[in-house]
Amino acid sequence: MAVKLARSMSGHDKGRFYVVIKEEDGYVYLADGVLKTLEKPKKKNLKHIQIIKKIPGPVEELLCRENPPGDVELKRALKLYEKSIETKKHFR
């Protein structure tokens, strides 16, 4: 399974990053390992998220290491992704 990350574009969680757990009928189920766990993912309309197409290698490796990844791995991967974004902003 290909790992997908998403950014919320609307709602009270606007700007927050998630891992896409499942897609069905125009909706996605998202988890971040903290507030939205694998047991209780957030259901969100596809129109309200932005799929992240370029995932850094270390993030993808972390999510693919354990099959399926747990909440701890989701949390670590998203933190690592946010750090990689911050690093890129400093070099612009």
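Trainee: Leaving aside neighbours within four places in sequence, which residues is Lys42 in contact with?
Mentor: Lys42 is in contact with His12, Asp13, Tyr18, Val28, Tyr29, Leu30 and Lys36. Contact means heavy atoms within 4.5 Å. This is a predicted model, where local features need pLDDT of at least 70, side-chain atom pairs count only at pLDDT 80 or more, and totals for chains, interfaces and linings use all residues. Residues are numbered from 1 along each chain as its sequence is written, and side-chain values use heavy atoms, with hydrogens and water left out.

Trainee: Is Lys42 buried or exposed?
Mentor: Lys42 counts as buried, at 15% relative accessibility. Buried means under 20% relative accessible area, exposed over 50%, and partly exposed in between (1.4 Å probe, protein chains only).

Trainee: New topic. How many salt bridges are there?
Mentor: The count is 4, a salt bridge being a side-chain nitrogen of Lys or Arg within 4 Å of a carboxyl oxygen of Asp or Glu. One of them joins the side chains of Asp13 and Lys44, at 3.0 Å from N to O.

Trainee: What parts does that pair tie together?
Mentor: Asp13 lies in the loop between strand 1 and strand 2 and Lys44 in strand 4, so the pair ties together parts 31 residues apart in sequence. Strands (E, at least two residues) are DSSP runs, numbered from the N terminus.

Trainee: Are Asp13 and Lys44 buried or exposed?
Mentor: Both Asp13 and Lys44 are buried.

Trainee: And how far apart are the closest N and O atoms of Lys4 and Glu23?
Mentor: They are 2.7 Å apart, in another salt bridge. Lys4 is partly exposed, at 32% relative accessible area, and Glu23 is partly exposed at 41%.

Technical notes
Helix = DSSP H or I, 4+ residues; strand = E, 2+ residues; numbered from the N terminus.
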